[in-house]
Amino acid sequence: MAVPPDTVSLSDYERHFAERADPAVRAYVAGAGADGITQRANREAFDRLRLMPRALRDLSGATSRSELFGEALDYPIILAPTAYHKLLHPEGELATATAASLTRTWMTVSTQASVRLEEIAQRAQSPLWFQLYLQPRPEDTLSLVRRAEAAGCKALVLTVDAPVNGVRNIEQRAGFRLPPGVEAVNLAGMAPPAAAPARPGSPVFQGMLRNAPTWDSVRWLCSGTRLPVLLKGILNPGDVAPAIEAGAQGIIVSNHGGRTLDTLPATIDVLPLVARAAAGQIPVLLDGGVRRGTDILKAIALGASAVLVGQPVLHALAVGGLAGVAHMLTILQTELEVAMALTGRASLAEIDPSVIFSPASG
């Protein structure tokens with residue numbers, strides 16, 4: 001799976017993926033909710049922001065390193081949890097974990113990974129996080145937590161913005177179904193969600209929400225593990241104080257990549273509001289629409305400690321396998337360093353809101 005020679009940006013990987021992928025798999029990975037307004041907004045909002053450089057700054061000893069939860073983070077780039085990597089490559093998450101390790105990148109393993117967590121952990125040489133969906137039976141959730149702890153994962157990421165799936169019309173029209181040999185192997189033997197009663201009308205209020213997480217669920221999880229718990233899917237700054245009170249040690253500003261509720265705001269637009277509400281008490285991260293090193297710079301400037309990247313990982317895995325993912329991450333890392341150098345920022349700590357151009361700033 002050689003990387004095409006004209007692949008020099010993340011959009012090139014997306015283009016090659018669209019040309020090569022099975023139409024149903026392409027629809028699943030694209031996966032925009034409803035009309036795709038939120039997914040497009042994630043990208044458009046980054047594009048609207050302009051950078052303001054500083055000239056002739058001392059960049060000796062420049063670095064993108066930081067620290068998160070006591071671990072050294074070489075670049076503020078983390079792999080977001082994405083499901084079923086075997087849809088894109090025979091080695092699935094094993095190839096992704098190897099590429100992450102080669103580029104010193106942290107990886108978040110999805111509950112719906114197509115390779116067992118323990119196998120991924122054996123392959124990984126960089127820190128792993130584990131993403132959780134709370135299971136219908138608490139004992140099944142605790143089993144996943146204990147496995148993550150035993151595998152050496154450094155944090156848990158609880159997805160809170162998808163108590164039900166979004167309406168993904170693109171995926172529905174394509175008739176996507178998981179092929180044989182691709183499944184959520186880490187959920188083997190666990191109880192599936194209870195079937196909704198067969199009554200007229202939508203099934204959502206007839207049973208799908210029976211096990212939806214609440215703030216009590218977050219308290220229960222945080223009190224039952226020694227790992228820091230990050231809540232993924234916070235957009236409203238009003239949810240920050242309850243998150244901290246419930247024991248969360250981090251927030252990921254996310255709209256699920258535009259895959260759940262459509263017409264939500266872009267994550268970069270709400271990031272400053274959430275960061276202001278957090279007031280430095282816990283780290284705030286961001287995902288959604290990150291495609292360039294300049295996007296990472298903008299997110300750091302507006303309050304993020306790091307960003308998570310999801311769809312581009314799947315594009316690169318499908319196009320170039322292990323080498324593709326490593327190359328894609330290297331592109332992002334290089335672009336971030338270029339953006340830091342050309343805006344005169346020698347460290348992440350120097351990236352503040354003044355790097356964002358505003359006509360009113362003088």
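In what follows, a residue is called buried when its relative accessible area is under 20%, exposed when that area is over 50%, and partly exposed in between, using a 1.4 Å probe and protein chains only. Good morning, colleagues. The model is predicted, so local features need pLDDT of at least 70 and side-chain atom pairs count only at pLDDT 80 or more, while totals for chains, interfaces and linings use all residues. Residues are numbered from 1 along each chain as its sequence is written, and side-chain values use heavy atoms, with hydrogens and water left out.

I begin with V218. This residue lies in helix α8, residues 215–223; helices are DSSP runs of H or I with at least four residues, strands are runs of E with at least two, and both are numbered from the N terminus. V218 counts as buried because its relative accessibility is 3%. Beyond its neighbours within four places in sequence, V218 is in contact (heavy atoms within 4.5 Å) with L158, L231 and A246.

Now to helix α8 as a whole. Its buried residues are S217, V218, L221 and C222. They cover an arc of only 130° around the axis, and therefore sit on the same side of α8; the arc is that of the directions from the helix axis to the C-beta atoms. Among the elements covering these buried residues are β6 (155–159), β7 (229–234) and α9 (240–246). On the face turned away from the buried side, α8 carries the exposed residues D216 and S223.
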